[in-house]
Amino acid sequence: MACRGGGDHVKLPSPPLSSVNPGSFATCPTSFHNICMVSDFFYPNMGGVESHIYQLSQCLIQRGHKVIIVTHAYEDRKGIRYLTNGLKVYYLPLKVMYNQSTATTLFHSLPLLRYIFVRERVTVVHSHSSFSSLAHDALFHAKTMGLHTVFTDHSLFGFADVSSVLTNKLLTVSLCDTNHIICVSYTSKENTVLRAALNPEIVSVIPNAVDPTDFTPDPCKRHGSITIVVVSRLVYRKGIDLLCGIIPKLCQKYQNLNFIIGGEGPKRIILEEVREKYELHDRVRLLGALEHKDVRDVLVQGHIFLNTSLTEAFCMAIVEAASCGLQIVSTRVGGIPEVLPENLIVLCEPSVKSLCEGLEKTILQLNSGALPTPENIHNIVKTFYTWTNVAQRTEKVYELVLSEDVLSLNERLDRLISHCGSVTGHMFALLAVLNYLFLIFLRWIIPDSLIDIAVDATGPRGAWTHHYPHSEKRDDNEKVSETR
Amino acid sequence: MEDERIFSDICGGRLALQRRYYSSFCREFCVSCPRLSLRSLTSVTCTVWLVAYGLFTLCENSTILSAAIFITVLGLLGYLHFVKIDQETLLIIDSLGIQMTSSYASGKENTTFIEMDKVKDIVINEAIYMQKVIYYLCILLKDPREPQKISQVVPVFQSAKPRLDCLIEVYKSCQEVLAHQKATTTRS
Amino acid sequence: MVLKAFFPTCCTSADSGLLVGRWVPEQNSAVVLAVVHFPFIPIQVKELLAQVQQASQVGLAVVGTWCHRQQESEESLGHFLEGLGTIFSHNPWLQLCRERGSKFWSCKATHHQGPGIAGVSREDHVILIFYDQRKVLLSYLHPPTILPDGQARDATASSEGLAAIFDTVSRSEVLFCKDQFDEGPVRLSHWQSEGVEASIFMELAKQASGPVCLLVTCLLSLVSAASACRLWKLWPLPFIASKLSTCEQLHHRLEHLTLVFSTQKAQSPAQLMRKANMLVSMLLDVALGLTLLSWLHSNNRIGQLADALIPMADHVAEELQHLLQWLMGAPAGLKMNRALDQVLGRFFLYHIHLWISYIHLMSPFIERILWHVGLSACLGLTVALSILSDILALLTFHIYCFYVYGARLYCLKICGLSSLWRLFRGKKWNVLRQRVDSCSYDLDQLFIGTLLFTILVFLLPTTALYYLVFTLLRLLVVTVQGLIHLLVDLINSLPLYSLGLRLCRPYRLAAGVKFRILEHEAGRPLRLLMQINPLPYSSVVRTYRLPSCGCHPKYSWGSLCRKLFFGELIYPWKQRGDKQD
C-alpha cells in the first residue's frame with residue numbers, strides 16, 4: 001500500500017463517511033451520546049491502546065459527549081476513579097488471567113456491566129482491542145441488552161497456527177453482529193475483514209494520533225556521535241531478536257555509533273547478554289521501563305529511530321519519533337508503510353541483513369547532511385495525525401451506528417447461525433439465549449428502576465464544569481473510592 | 001422538629017428515614033429497616049427442620065433432630081445479636097462531633113463518636129459492592145500530621161445502604177451544619 | 001461557635017453556689033468540676049483554687065454561678081449571683097439555673113466585650129453535657145494521647161479534643177480528696193469515694209508489697225547470677241539451651257518475674273496494666289500447674305505413664321519397621337529401582353535397630369525421670385508443657401534423622417536435575433549476576449549431561465517416595481509440637497487482668513465517649529449525657545497482649561510448600577530463625 005502525503009491521506013471507506021472533508025470537522029456535533037469505552041487495557045498499564053482510549057475520550061468529552069471507561073482492577077487500583085475533565089473510570093474487580101487480560105466465562109461480568117450501562121445511561125458501547133476478553137464480554141452483553149456497539153481493532157493476527165485459528169473464530173462470533181468496526185490502518189482492515197469474515201462496508205479506518213505538542217524536536221540534546229534510539233516493549237513481537245543481531249554488526253563497523261534502548265520485557269536478558277559478549281557497555285544504554293512523559297526526552301537524544309517489529313497494525317512509536325525529528329528506519333510489515341510518506345522513513349525487510357543495509361544508508365545520508373532538519377520533519381508530521389480529527393471521525397461512526405437498528409434477539413440468532421458455521425453458530429446462539437435469560441433474571445432481581453442514575457460528571461449537563469461551594473459531588477480525583 | 005419519610009434501599013427494601021432537628025446545630029438522622037418478619041423466620045426454621053427430618057429418616061439417629069433444634073436456636077440468637085441491624089443513627093452536633101450508632105435486633109448497640117476537629121468533610125462516594133455499583137455516604141477523617149490529607153474514610157449507614165435520594169437528604173443537612181461550623185471557626 | 005458546658009451528674013441536686021472548673025478556649029468549652037456553696041469568703045475560694053492549681057497544673061477558675069431554686073422563686077438570689085460576676089471575673093461568665101420541679105434548665109453565657117464597656121455583652125448558644133465524674137476520673141482513654149518526651153506528668157494540661165476533658169478531670173483528683181463533710185472554710189460539692197475504711201486490706205497489701213518486692217528481687221538476682229555463670233557458656237550448652245523450649249520458657253518467666261517485682265513504680269497506666277496482666281497470667285499458670293501436679297501424684301499415675309511409655313516407643317519403632325519393609329517391596333504397586341530401594345531401606349532399618357536398643361537401655365530410669373519432670377509443673381503449666389514438647393522431640397529423634405537424610409538426598413537430585421535441564425536448553429546459571437544466561441556447550445558435555453539426567457530421572461521416584469513418607473511423619477510431629485507451643489503462647493500472652501476489668505468495670509477501659517440526647521424543649525439549651533464507650537474485647541486483647549517468646553511461624557503456607565517441594569529442610573517453629581544460614 002503506497003503512502004500518501006497530506007492531511008487526509010487515510011480516507012474513510014463507508015459511503016456516509018467518505019464525504020467527510022477537513023472543512024466540516026470544525027462543526028459541532030448535532031446530538032450528544034453517552035459512550036462507554038471498554039477494554040482490559042488502560043492506565044496504569046502503558047501502551048498504544050491505553051493512550052488511544054484516553055486521548056479519544058478526552059477529545060469526545062471536549063466535544064460535549066459523556067464518556068466513561070470500564071476496565072479491570074490493577075492491583076490496588078480498584079473501584080471508581082476520576083481523571084482529568086471528569087472522565088470516570090470503573091476498575092472492576094475481575095480476575096486477571098494472562099497478559100493483563102481477564103478470565104472470561106461470558107456470563108460473570110453481566111451483572112456489573114449491566115449495572116454500569118443502566119446507571120450511566122449508556123447508548124454506545126465502544127470496545128477496544130481484540131486481545132481483551134472484557135471488551136468481547138461487554139460487546140456480547142451490550143448486544144443482549146440492545147445497545148449499539150462499536151469495536152476498534154488495534155492489532156494484526158496470523159491465520160496459520162492453532163491459536164490464531166481459534167482466536168479468529170471467536171472474533172468472527174464476536175464481530176458478526178457488532179454494528180460497526182474501526183481499524184487503525186488499511187492493512188489492519190484487510191486483516192480484520194479476512195479474519196472475522198466481515199462485510200467490508202461496516203469497517204472504517206481511523207488511524208491513531210499523537211499529540212504533536214508533546215513530541216517536539218530539540219537537536220541540542222543530541223551528542224556528537226550518531227545515536228540510534230529504540231523504544232518498545234522488549235518482547236518477541238517487537239523483533240528484539242533482530243535487534244540483537246544488528247547491534248554487534250553495526251557497532252563493529254562504526255566506532256562513533258551509540259544505541260539507546262528504552263522499554264522492559266522478557267527479551268531484555270538477551271540484549272544484556274549481547275552487550276556483555278561484545279563489551280558494548282559504553283555504547284548500548286538500556287533504560288528499562290519508561291514513563292510516557294519521559295519518552296520524548298529519550299527520543300530527542302537520538303538521530304535515527306529504529307523499529308524492528310515483526311507485526312504492527314499502526315505503530316504510534318514511529319509517528320512519535322518522526323514528530324521529534326528523527327529519521328525512521330523500520331521493517332516493512334503490517335500497516336507501517338501507510339503511516340509515513342517515503343521521504344521520512346526507510347523501509348527494510350524484517351531480517352538482520354536488510355535492516356543493517358537500511359541503517360547504513362541512513363547513516364551515510366546523515367553524515368553527508370542529505371536528511372531534512374528535525375524542525376522540517378516535525379512540521380510535516382504534525383499535520384498528519386491529530387486527536388481532534390480522530391474524535392470527529394469516531395463521532396461520525398457513532399452517529400451512523402445510532403441511526404441503525406440494533407438486531408433483535410431472533411435476528412441476532414439467525415446472524416450467528418448463518419455466519420459462524422453450523423457448530424460454533426449453534427453453540428453461541430445457545431449462549432446468547434442463556435445470556436438473555438440471565439439478563440431477564442437480573443432484571444427481575446433488581447429492576448432497572450432500582451438502580452440509581454449516576455451523577456453526570458462530564459458532558460453538556462455535567463456536574464464537573466460547575467463549581468458551586470457545596471456541590472453535590474465533591475469527591476474529585478484526590479479521593480479514592482474503595483471496593484468493599 | 002421531627003419528620004419521617006419512606007425511602008428504599010439498594011435492593012428495593014423499605015427504609016424509613018427519621019429526621020430530628022433538636023436545634024439548628026444538632027440534628028439526628030435515623031434509618032430503620034423493617035424488623036425480622038415472621039414469615040422468613042418460619043420458612044428458614046421449617047427448611048432446617050425438614051432437612052433434619054429427612055436425614056433422620058435416612059440414618060435413624062435422633063441426635064440429628066435435637067442438633068437441628070439447637071442449630072436453629074443458636075443461629076437465630078447469633079443472627080439477632082451479630083448480624084441483623086435494625087436501626088442506624090447519625091447524630092451530628094456542631095462543634096462537638098458526629099456520632100454513629102447501629103442498634104442490633106437483640107438490643108446491642110454499637111457506637112462510634114468522631115470529634116469534629118478530626119472530621120474533614122462528609123461526602124457521597126461511589127463504590128463497587130457485590131455485583132453492584134452503589135453510592136454511600138462517608139465521613140473523611142483528617143490526617144493528624146497533614147491536615148490537607150485524608151487518613152481514613154468512614155462509611156455511614158453501612159448495613160442499611162439507602163439509595164441516592166435518601167443520601168442526598170442527609171448529605172444536605174449535614175453540609176448545612178458543617179458550613180455553620182466552618183463559618184464560626186473562621187470567625188472566632 | 002457553640003459553647004459547651006460539661007457538668008457532673010453528681011452536682012445536679014447540689015445547693016446554689018459557684019461553679020469551679022476549667023475553661024478550654026480551643027474547644028470553647030467549660031469543664032465544671034465542683035460547686036462551691038454559700039456562704040464563702042471569696043479570698044478563701046481563690047486560695048483553695050490556687051492550691052489545687054499548683055498541685056494539678058490545671059488552670060482552675062470560677063467559671064460561673066449555679067442556682068438551684070428549691071423553695072420559692074428567689075429573685076434576690078439571682079441578682080446576687082449576677083453580682084458575683086464582678087468579683088470573679090471570667091470571660092465568658094456562665095449562669096446555670098435549675099428550677100424546682102422542672103427537668104429543664106436555663107443557661108446563659110455572657111461575654112464581656114472589654115474591660116471598659118461593662119454593660120455590653122454577647123450571648124451564645126450553650127450545650128449542657130452531663131458526665132459521670134467517677135467514671136471519667138477512673139477511665140483510661142484509648143488510644144492514649146501521645147505526648148512528646150520529657151513532657152509527661154507535670155506538663156500543663158493538654159487541650160486536644162475530648163482528651164482535654166478527661167485530662168482535666170483526672171488531674172484535678174486533688175480537689176476530690178477534700179471531704180464534703182469537712183468543716184473547712186469552703187464547702188464543696190463533687191464526687192466522693194466511699195470512705196477509706198472499706199479498703200483497709202488494700203492498704204495493708206500496699207504496705208506489704210514493698211518488702212515482698214525487695215525480697216523477690218534479691219532471690220531473682222541470685223538466680224540470674226547463677227544462670228550467668230561462666231560454666232553455662234561452654235560450647236555445647238548454649239546451643240542445646242537455645243534448642244530446648246523449656247529453657248526458653250524458663251527464661252521468659254524469669255523476665256516476667258523481674259519485671260513484675262521490680263521496685264520501681266509503674267510510670268504509665270499501660271505499664272501498670274502490663275504488670276497486672278503478667279502477674280495474673282503467672283498466677284493462673286502456677287495454679288494450673290499445681291492442679292496437674294496433684295492429679296499426677298494421685299493413684300501412682302506416674303508409674304502407669306512410665307509403664308505405658310516404653311511399649312509405646314517400641315510400638316512406634318515396630319510400625320516404622322513395617323513401613324520400611326513395605327517401602328522396600330513394591331509400595332502401592334509402584335515399581336521402584338530395586339538396588340537403591342534396598343540400600344536405603346537397610347540404612348533406615350539399621351537406624352531403627354539402634355534406636356530400640358537405646359530405648360531399652362533407658363527403660364529402668366524412665367519412671368524416675370518422669371517423677372522429676374512432674375515436679376516441674378509447680379513452676380507452671382507452661383513449663384510442664386514445654387518439657388513435654390522437648391521430650392517429644394527427643395523421643396522422635398529417629399524420625400527427624402530419617403527426614404533429614406531423605407530431604408538431603410531428594411534436594412541433591414532436584415538440584416542436579418534442574419541444572420542439567422538448563423544444560424539441555426543451552427542455558428546456565430550465572431552465579432555472579434544471579435540469573436540464567438545462555439551458554440554453548442561441547443558435544444561431550446551435552447552427552448555426559450544427558451546421561452546423568454537420565455539416571456537421575458529414573459532414580460528420582462524411589463528417593464521421592466522415601467522423602468514423602470518421612471516428611472509426612474516429620475510434619476505430624478511438628479504439628480503436635482506446634483499445638484503445644486500455641487497453648488503455651490496463649491497462656492503466656494493472654495491479658496487476663498484487662499479482660500476481667502473490661503468484663504466487670506467496662507468504663508475503666510474507654511475507647512471514647514458516646515452522647516445521648518436528653519429530653520428537649522424548644523428555647524432551652526440542649527442537654528446531652530456523655531457516657532463512656534467501652535473498648536471492644538478484640539481491641540482489649542490487641543492492645544494488652546503480652547509479648548510472647550516469638551514462636552510464630554515465619555513462613556507463609558506458599559513458601560512452606562515450596563520448601564517442601566524442593567527438599568529444603570523445615571524445622572519446628574522455634575529453630576527456624578537460627579538455622580537459616
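Predicted model: local features only at pLDDT ≥ 70, side-chain atom pairs only at ≥ 80, totals over all residues.
Modeller: Residues are numbered from 1 along each chain as its sequence is written, while chains are lettered from A and ligands numbered from 1 in the order in which they are written.

Biologist: Why are E2(B) and E3(B) called paired?

Modeller: Pairing needs at least two bridges found by DSSP between two strands. Strand E2 (residues 14-23) and strand E3 (residues 26-32) of chain B are joined antiparallel by seven bridges, so they count as paired. Strands here are DSSP runs of E, at least two residues, and helices are runs of H or I, at least four, numbered from the N terminus. A hairpin of two residues links E2(B) to E3(B).

Biologist: Which residues does B:Phe29 stand opposite?

Modeller: B:Arg19 faces B:Phe29 of E3(B), and B:Phe29 also stands opposite B:Leu90 in E4(B). E3(B) and E4(B) (residues 85-93) pair antiparallel over seven bridges.

Biologist: What makes up the domains of chain A, and what touches?

Modeller: Domain 1 of chain A covers 32-209 + 388-450 and domain 2 covers 219-385, with bounds from an automatic or database domain assignment. The contact takes 14 residues from domain 1 of chain A and ten from domain 2 of chain A; contact means C-beta atoms, placed from the backbone, within 7 Å. On the domain 1 side, H6(A) gives the largest share, three residues.

How values were computed
Contact = placed C-beta atoms within 7 Å.
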